[in-house]
Amino acid sequence: MDETNGARMDDLLHAARRTARGIRLVGEVAQRKLGPGQVLISAGAPSPSTYAAKHDFLFAESTMPADRLEAFGAEITKAAAIKTDEICGDGATLTAILAQSITEQSARAIESGADPVELQRGIDLAVKTVLRDIRQQAYKTATIAMYQNVARISADGDPDVASVVARTFGNSRNLKLDLGTIRIDGLISNKPIIKIARAGGGYRIKVAGGTEAEARGRKRYIEMSLRAVRAAQAGGVVAGGGAALLHASRALQSLEPDSQSLKAGVDVVLHAVLTPIRLLVENAQVNSRSVIDSLLRESNAHVGYDITSGNYADMIDAGIVDTAESLETALTNAAEVATTATTAPAAFARTRELTALQSQNPHFLNMMSKVLEPHDADGGAVDMAERNLAAVVEGGGKADAKLGKLLIDAIEPSVRRYLVGDCPDRVVRGGSFKVAVYIALSELHEHTRALDLNVPEQGLGLDVVVKADGFEIRPESRLPIHLPPRDESTRAEFSLRALDTGDRLVRISVFNGGTALGGLDIAVNVAAAGEAVNARRQASRDPVTRFAADETQATLKVEYDKKRKEYSFDWRDSEGDQPADHLDDALSPVDGAINDVIGKIQELVRRDYPIDPSVAARLQREWGISLWNTLVPEKTRKRFIDRHRQSMLEKLEIISDGDPFPWEMLYPFEANEPAFDKGFLVDIVELSRWRLGSRPPKVIALRRADFVIPNQGPANAENEADEVSTLLRKWSTALKDYRITKSKELYDLLDKSAASLLHFACHNAVEAGTGRIIIDSPVTSDDFGSYQGKLKRPAPFVFMNACRSDDKPLRYTRIGGWANCFLAMGAGAFMGTLWEVRDETARKFAEALYEELLEGNKPFSIALRLARKKIRENAPEDPTWLAYSFYGAGGAHLEKS
């Protein structure tokens, strides 16, 4: 794959994720409508303020994101929810919730290796199975009382609406009624009333309200309720409160998928159909797992959980019902939304190159109606969508550009942008000077990385943060800037006063929500009064890398103040910066705490004494909790746990200048109610690290592979290199590999800036206490000071696998120093072991990692998770799976050059 096509595919995968975030925004608003006392299921008559269109909640401001593809995802979800309501008189909320669940679970399955086409087949199979079971559950006995219950639920509990709708159907022959024969008039009156009368061959319903909005809302409720009762006539009713979908899930257990990807598709739907009852019960502050387990053991499909009374009940007898048609329509529409989110961006992006017509006349509603048609089981979803879109684009038709423009705009090529810091390079102590920061469009040849910032038409609000030891910053260290879609940003201007002499760094970072977009360091020399000062101003530029704001990501910047002997923790997420937190290294020595735990870990790895595997696993947890409480300040611990409980934390990026913390070993824990005990940090979030400065690349192109092997190393080192080489040759026959057995050869490679994969098979080669690597002669991370930026253009992946096969003790590798060394050179990603691991385990991990990165084409975050899982499953008592630390972009891929 060439660089352009690789970047394009990465863009399309990213587009699908952004579309999914828009779906989630709508789904989360819908979730808040479930529960006792909420509008959609209130037991009594709603207040006049709730007399609005049945699906107005879908148009809340929070479901109108600025990001263009998120807006597209939100819009298709709203359209599907409205469609359900218009057909069945109910089900908008359920459609949005199911769409969110299916989309998110599908994305997780694909990222874990499921084949997208097989996954879609599994989803289709499961949806059909659930729909069949719902129809079998349906209760079709028609009574006025039943219709009144259906109308009341559709009208959000309004008894007057329910009564008049039931009477309308009850007065018609055989309880059948043509909705086209009903006329509904809305009137303004101080006495809210509803009247029904015969009019020719049909009925006329007069609806009155104290205000125009109230009258219009009641009229809308009646329209919806009439549709709901008609749906009950056509397909019957089922147990409400999520019970019918739960009982239908049992039918999925009898399916026997013939592949893991097909099974993953079935599991996606299984998770989705259990979501409504889980949310209802949890919103009522009841243990959902207990309720779900109890109902799954219940053979009567009419039995559910009445959240109002807190008891199990026959939902049909209790009048808590859904129409079978509304469940069928909601599930069908939700599955179509999920398919569209996955396939439409890629299909539309490819199809748009066939003709310029669609950019002028996209016919998007026609396109989407065809995309949503069921595809044949033998065809791929993306190919099906592409064919349908192409046919419509070429065939012409009436334009409806709203959604089409959203999608077209969102996939347009990005604009290259640069972060600029304008600052003098030399000042006098006590003197004041200005630092201006902005984002420019200049394409400077020395920079190669760019980002589609997804700037909406109204522009994008960003935050600039300046930190500078030895300077006073005024008026504050954080200022906002505004970035328009096609121009430079506004400028943030900081006033600094120099307090100390010497060489200093002014550090600039830019944030979008909780995501660090990029940064740069400007060297400033502070001279004593009377020294000559060259006031030449310089513009330091660093391209902002490809990284979009993600509301489920947080950035934690960790810096060490040598004077104060303390670590500062700066947490930023989608809600902005939190107050800085501090850890006093003098009071709680970091190195001592880390070395103590690492020593215990090494005893486990060495198997110094016999120990029960379950006890070993328990000890690792306890040590991880100890590190969490010792190394992470209280406010940061609380913020992490709170964000995770809100389902607002899936990714955590640690940015530092080389902190020694073994983050992978930390175990977040809270004993107080509600307790928090979810696993190690790497179990809970996608964890990555990076250094202060510019952002990591999203693609690492492999041109060659170089293996550093100790000159006097054992055969195991060669074996590891051979196994990785075999995988590389299977992946690309054109890729050459080389062996480095002398320090001079390593320096020669770096001098040429030729490395693209640099793998250290450090068997028995890491020197105790210093972190030096013995090749033929020792090298340390301090031996490459002149190589800063040398590897920026190839941006290689460096893997330092520190393992030991002799009888010497396993040691803490001080890998942070080596990571900082190679990242300063320009490495695009770095991975290493926090402590030495046994060579057998190291080989297994390396093989699993490369298999996922190369053959599975997984991003680093997923490949690392799967490789950890593999060695953890083989020996759960062995902590080696926690030893590997990753620096880089979690979503980055390896690519053939």
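Buried here means under 20% relative accessible area, with exposed over 50% and partly exposed in between, using a 1.4 Å probe and protein chains only. Strands (E, at least two residues) and helices (H or I, at least four residues) are DSSP runs numbered from the N terminus.

The model is predicted: local features need pLDDT of at least 70 and side-chain atom pairs count only at pLDDT 80 or more, while totals for chains, interfaces and linings use all residues. Residues are numbered from 1 along each chain as its sequence is written, and side-chain values use heavy atoms, with hydrogens and water left out.

Two strands pair if DSSP finds at least two bridges between them.

Next to strand 13 comes strand 11 (residues 460-467), and the two pair in the antiparallel sense over 6 bridges. Asp-463 has Pro-480 of strand 13 as its bridge partner, and Val-464 has Leu-479 in strand 13. Val-464 also has a bridge partner in strand 15, namely Val-510. Strand 11 and strand 15 pair in the antiparallel sense over 5 bridges. Because 6 of its 8 residues are buried, strand 11 is largely enclosed by the rest of the structure. Strand 15 (residues 502-512) is in turn joined to strand 16 (residues 515-527) by 11 bridges, and these two run antiparallel. Within this pairing, Ile-508 stands opposite Leu-520 in strand 16.

The next topic is aromatic rings. Rings of Phe, Tyr and Trp (its six-membered ring) pair if their centres lie within 6.5 Å; planes under 30 degrees apart count as stacked, over 60 as edge-to-face and the rest as tilted. The count by this rule is 26 aromatic pairs. In one of them, the rings of Trp-628 and Phe-640 have centres 5.5 Å apart and planes at 65°, so the pair is edge-to-face. Trp-628 lies in helix 18 (residues 613-631) and Phe-640 in helix 19 (residues 634-645), so the pair ties together parts that are 12 residues apart in sequence. Trp-628 and Phe-640 are both buried.

Phe-680 and Trp-881 form another edge-to-face pair, at 5.6 Å centre to centre and 85° between the planes. This pair links distant parts of the chain, 201 residues apart: Phe-680 is in the loop between strand 22 (651-656) and helix 20 (681-684), and Trp-881 is in the loop between helix 25 (860-874) and strand 33 (884-887). Phe-680 and Trp-881 are buried. Arg-872 lies over the face of Trp-881, 3.7 Å from the ring centre. A charge sits over a ring if NZ of Lys or CZ of Arg is within 6 Å of the ring centre and within 35 degrees of the ring normal. Likewise, the charged end of Arg-491 sits over the ring of Tyr-438, at 3.9 Å from its centre.

Ring pairs also link a cluster that includes Tyr-747, Phe-784, Trp-818 and Tyr-887. Trp-818 is in helix 23 (residues 815-825) and is buried, with a relative accessible area of 3%.

Helix 19 also holds Thr-636, which counts as buried at 5% relative accessibility. Leaving aside neighbours within four places in sequence, Thr-636 is in contact (heavy atoms within 4.5 Å) with Leu-556, Phe-569, Trp-571 and Asp-581.

A nonpolar core is a set of buried Ala, Val, Leu, Ile, Met, Phe, Trp, Tyr and Cys residues joined through side-chain atoms within 4.5 Å. The largest such core has 81 residues, and those with the most contacts inside it are Phe-640, Leu-652, Trp-663, Phe-797 and Trp-835. A second, separate core of 51 residues includes Ala-114, Leu-119, Leu-246 and Tyr-305.
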